[in-house]
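Work through the exercises below with the sequence and the 3D structure at hand. Each task is followed by a solution in steps.

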Amino acid sequence: MGSVSSGLGKVEVRLKWDPSPWGESPRHLDIVAATYAVDDPFGEPVYVVHYDSRSPDGTINMNRHSQTGMGFGFVEVMSLEFDRLSSAYSRVVVGVIIHQEPDPRTFGDMSNAGVVVVEGYQELLADDFSGVAAARATKVAEFTRNDSGAWEMHEMIRGSDSEPAGFMGEMGTVRPHT
């Protein structure tokens, strides 16, 4: 999938995975989003939103959070309101991390895992992480402002071996391939 040409409004990132089998420690995945300034779109994030935080202006929020994967369908949901996001930001990168405590895990260790990105009823991206099975974290999508100021989404499934804290700091520093 390339990009969505019309400007984006409110987008949801939804994550699912099956709980651990009986007797194993819980499997815990998280959606994370890093926001970048207009004057430094590939530098350090201005802020990062994850399970216990939200954006300062309330435009990026965790609506649902799971530490185990238990529940029906998508058990973790993050909302991003691009139509309200300050013009001080030109880029948002969204990723998924796997908590590595108490047991190290990769996406290949997860069963029935998947992520979708939707705007209203339109599915913009769907992935089952099979392409990043050996990774412990992955970028999912990059959202950028175009020349007219409208937000666009670009698929960016790229695995990483970084620990969760390191991944959140580096997830937007690599320039995408064009």
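**Exercise 1.** Leaving aside its neighbours within four places in sequence, with which residues is Ser-90 in contact?

*Solution.* Before starting, note that this is a predicted model, in which local features need pLDDT of at least 70 and side-chain atom pairs count only at pLDDT 80 or more, while totals for chains, interfaces and linings use all residues. Residues are numbered from 1 along each chain as its sequence is written, and side-chain values use heavy atoms, with hydrogens and water left out.

Step 1. Contact means heavy atoms within 4.5 Å.
Step 2. With sequence neighbours within four places set aside, the contacts of Ser-90 are Tyr-36, Ala-37, Val-38, Pro-41, Phe-143, Thr-144, Arg-145 and Trp-151.
Step 3. Ser-90 belongs to strand S6, residues 89-98; helices (H or I, at least four residues) and strands (E, at least two) are DSSP runs, numbered from the N terminus.
Step 4. The relative accessible area of Ser-90 is 16%, so this residue counts as buried (under 20% relative accessible area; exposed is over 50%, partly exposed in between; 1.4 Å probe, protein chains only).

**Exercise 2.** Find the order of the strands in the open sheet of five strands, and name those at the edges.

*Solution.*
Step 1. Two strands pair if DSSP finds at least two bridges between them.
Step 2. The order is S3-S2-S6-S9-S10, with antiparallel pairing.
Step 3. Strand S3 (47-49) and strand S10 (151-160) are at the edges; each has a single partner strand, so one side of each has no neighbour in the sheet.
Step 4. Strand S6 is joined to strand S9 (residues 137-145) by seven bridges, and the two run antiparallel. In this pair, Val-93 is opposite Glu-142 of S9.

**Exercise 3.** Is Phe-167 buried or exposed, and which residues does Phe-167 contact?

*Solution.*
Step 1. Phe-167 sits in helix H1, residues 164-170.
Step 2. Phe-167 has a relative accessible area of 0% and is buried.
Step 3. Its contacts beyond four places in sequence include Val-32, Gly-95, Val-96, Ala-137 and Ser-160.
Step 4. Val-96 is 71 residues from Phe-167 in sequence, yet their C-alpha atoms are 9.5 Å apart.

**Exercise 4.** Which residues have the most contacts inside the largest nonpolar core?

*Solution.*
Step 1. A nonpolar core is a set of buried Ala, Val, Leu, Ile, Met, Phe, Trp, Tyr and Cys residues joined through side-chain atoms within 4.5 Å.
Step 2. The largest core has 37 residues, and Leu-80, Phe-82, Val-92, Val-117 and Phe-143 have the most contacts inside it.
Step 3. Strand S6 contributes the most to this core, with five residues.
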